[in-house]
Amino acid sequence: MQAPNPLRRGLIEDRTGEPCAVVIFGASGDLTRRKLMPALYNLAVNRSLPSGFAVVGVARREKTDDHFRAEMKEGVGQHSRRKPIDPTLWTDFERGLSYVAGTFEDPKTYSKLHEHLEALDRERGTAKNRLFYLAVPPADFGVIMKNLKEAGLVAPPSTAGSGAPWSRVIIEKPFGHDLASARALNDTVAQTFDESQVFRIDHYLGKETVQNLLVFRFANSLFEPLWNREHVDHVQITVAEEIGVEGRGKFYEQTGVTKDIVENHLMQLLCLTAMEPPISLAADAVRDEKVKVLRSLRPMERSMVQDNVVRGQYARGYVKGEEVPSYREEPDVAKDSRIDTYVAMRVHVDNWRWGGVPFYVRAGKRLARRVTEIAIQFKKVPHGLFRAPDGGISPNVLTMRIQPDEGIALRFTTKEPGQATILRDVAMDFRYGSAFGSNTPEAYERLLLDSMRGEATLFTRRDEVEEQWSYIDNVFDAWRAEASAPPPLYAAGTWGPEQADDLLARDGRRWRRP
Amino acid sequence: MSAGSATRLIARLEKELRDLWNPPEDPTAIPMSRVCTMNIEVIAGSHELLERYTPVIDEVTASIPSRVILASIEPDAEGDEITGSATAVCSIEGGHNICSERITLRATGNACARSASAIEAFLVPEIPTALVWLGRVHVDDPVFQDLANDAHRIVLDSMYTSLASLLHVVSWARTQANAPEISDMAWTRLASWQEMTARFFDNPDTRQLASKITKITLRQASEPGARLGPEPALLLGWIATRLEWKTSRLGGKTRFKRPDGGTVSIELGSVPLPKGVAPRTLAAVVLEAESNGSTMMGSIERELGSGAGSNQEDATLDADVMVWKLNVSGFPPHEQRVRLGANKAAKWLERTLHRPKHDPAFDESVSFAEHIVQDGLTV
């Protein structure tokens, strides 16, 4: 093993990627132009890119390096959070951009790529390190990975810091559409890459507030002692959007909100909320704890779905005063579509910490507000010492807002000034934007840099993905069994179907109105 | 000045602070939200210097909302009194009016002796306190000692005081139980240099050359013959301590020895000082290494004044480009250009306040720099 770089010992602002070539398959696509290239450019502006660095776009269309650079410059100009483009930095950055044209099925594409990467190692000092980004549909993963392997483009797994050349692959969700397809996809990936080389992006995990969940829980001694069944009455997790399917009707007809949001983002939020303290922040230590949560979920047997899951689909309605169409009126959506645009679930984490504490989770499109939050509702005081107008004192609620207005709020009860003892709920409200300014890195910047550094904590591991699907699959089994029943409709701009309110009302609780 | 007048001043300012947060009379006005994440005490030797620094601190509080206490301590000024005022400094963030509190005090004559207690009266409890000392520090000054002992961090800028002043404070801190951490904005400015220097040895092909450096060249923007500035001295200290070099003296001259016994020669030089750039600013570093016939030369050159060409929103004249070059025998040369962020006092203070309080590399580099100061190295 090679000794580490002595000049990096104790370097406080050491957030630079390792020398590498980033190879983007699907470089002509929207993701590359809108997200990946602006993120890489922002890393360059922030001096986070290594000196040995190159980006190689791979796609079917023939184009020159200059054409590719011009396209990327336009994309960065439109979508970077740093505007305008700095011409000096762009000139330096674009020297590292190049393009290889070819179909993903053709082995010649990969032999060309191989030669090109070797030249970059010599000319740009990329140190034989490769970061493959598959910005392509999952159906293309298999053929790309097989060809990468056969072309000798994949280095064997190596220990971090060993100095041996590394190969890593980043893949985007959806990681399958059910447990069987997720396993098949993972098996395909595993034929080429060791799990330690696979970085599955869930961009939610790149958000500052999501990362802060761990800090909040495990760096503050105040809350962790209360974070259990003794003190918590229930937990609500909400991922609500105002927008509809925004022209993605075709995609949505194949997925729905449960597969698009609940199976990944929402489950990850649940894991971070419910997990035990990891022994360290090492990737596997954190992911082991998340997997334990997923394995603790009470299986949603088919017979339980009706009582614990509510789905819905948006009908016409008003969002912010504007009339919006129903889901079935959206382009590329079937007139009799049964796809879920809303889902609410009661989830139980059957372990020592959370036994008996329900987690109510919901996600939906065309809801009243765009908000993502985790709300921990604590138990009521055991004895009503004070007279409250509604006959009871409101329980304390700790809310972690992921978006918008990232922050943390704590609701508690206080006395109104005056002779009478009148109680009033107040909130202590901490907003990230106010306290620290709002120019935080985009999730893709953080995640791309982490993958260049081989830090996998914010990426999803194979067993997490499969456990998530294992849980969700039962819900779909039950829905398939009731094939004739359409999902309940809810008016756009509301908080979902009435049945979702009933789900909590049966437990004597109600949804928050965030 | 009587103790009673100080008490009355504090009471008046506290009332002014409370009044700031009364609901606005105009119902259509955006309500002000008081946000406070730390106390920042800024101490200057004159009210003129403090006035010049006030816009800097206002800019800092836009991203680190704080209670700021700006105080000028002027024992030679006429009058024995402490005067002051309080105001809110607000910035619009996402439609919210986010406000910090700024208290300005001026102590003159004999009242200076009591100024520390007046300043401390305004500290918000339970949050960190940073003491920013503008100008030279005298560690036996009771005002400094009183404020420093209650601070979590002392922030200096050795570029504008001196490396010797920094060393005095560091030495003083070593003798104190529960001493505050010392931060130097010159050290913060070196972060980019350190990171770029480390890049010479990131590639496995060059890694082993880090222990075979034969020569280091440093250039600063100054007249020839000027003393070595804090930035180059601290960078030299940082490289030397990371690579475990030892110093020795031969004929009164400092020599640098590698752990393998090899000698590292040091060359110091100067470049012309462009207008608007602080004297003795670090301008270039060049490392040369040789091992088994393989040679390496890595250079980082700051294009002083090139920030003028930047089209970025927050650019200043000296948001300069740094050109990084690496030549290793048998490999093609590599070059990278990065831009330093806007070189503004507010930015450096903000970054310094965001850094971890304790930085072992800083302590080690400062200790090493003491040798350089003793030698009075010039360029």
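Trainee: Which residues is Gln313(A) in contact with, leaving aside its neighbours within four places in sequence?

Mentor: This is a predicted model. In it, Gln313(A) is in contact with Tyr327(A), Arg328(A), Ser337(A), Arg338(A), Ile339(A), Thr341(A), Pro487(A), Pro488(A), Leu489(A) and Tyr490(A). Gln313(A) itself is found in strand β8, residues 309-315 of chain A.

Trainee: Why is Gln313(A) called buried?

Mentor: Buried means under 20% relative accessible area. Gln313(A) has 1% relative accessibility, so the residue counts as buried.

Trainee: Now a helix. How do you know what span is expected for α2 of chain A?

Mentor: The rule is 1.5 Å times one less than the number of residues. Helix α2(A), residues 65-79, has 15 residues, and 21 Å is expected. From first C-alpha to last, the helix reaches 21 Å, close to that expectation.

Trainee: Which residues of α2(A) are buried?

Mentor: They are Phe68(A), Arg69(A), Glu71(A), Met72(A), Gly75(A) and Val76(A). Their arc around the axis is only 165 degrees, which puts them on the same side of α2(A).

Trainee: What do the buried residues of α2(A) pack against?

Mentor: Four elements of chain A: α1 (30-45), β2 (53-59), α3 (87-94) and β3 (97-101).

Trainee: On to the interface. What area is buried between chain B and chain A?

Mentor: About 3800 Å², with carbon and sulfur atoms giving 50%. In chain B, Arg207(B), Arg242(B) and Arg339(B) lose the most area to chain A, together 15% of what that side buries. The contact takes 48 residues from chain B and 42 from chain A.

Trainee: Why is the pair Arg339(B) and Asp86(A) called a salt bridge?

Mentor: The limit is 4 Å from a side-chain nitrogen of Lys or Arg to a carboxyl oxygen of Asp or Glu. The side chains of Arg339(B) and Asp86(A) meet at 2.4 Å, N to O.

Trainee: How many salt bridges and polar pairs are counted between chain B and chain A?

Mentor: Three salt bridges. The polar count is 19 residue pairs, both residues at pLDDT 80 or more. On the chain B side, elements that each supply at least two touching residues include α9 (230-242) and β16 (334-339).

Terms used:
Residues are numbered from 1 along each chain as its sequence is written. Chains are lettered from A and ligands numbered from 1 in the order in which they are written. This is a predicted model: local features need pLDDT of at least 70, side-chain atom pairs count only at pLDDT 80 or more; totals for chains, interfaces and linings use all residues. Side-chain values use heavy atoms; hydrogens and water are left out. Buried means under 20% relative accessible area, exposed over 50%, partly exposed in between (1.4 Å probe, protein chains only). The arc is that of the directions from the helix axis to the C-beta atoms. Contact means heavy atoms within 4.5 Å. Buried area is the accessible area (1.4 Å probe) that two parts lose on being put together, summed over both. A polar contact is a pair of N or O atoms within 3.5 Å; within protein, one must be able to donate a hydrogen and the other to accept it, and residues adjacent in sequence count only if both atoms are side-chain atoms.
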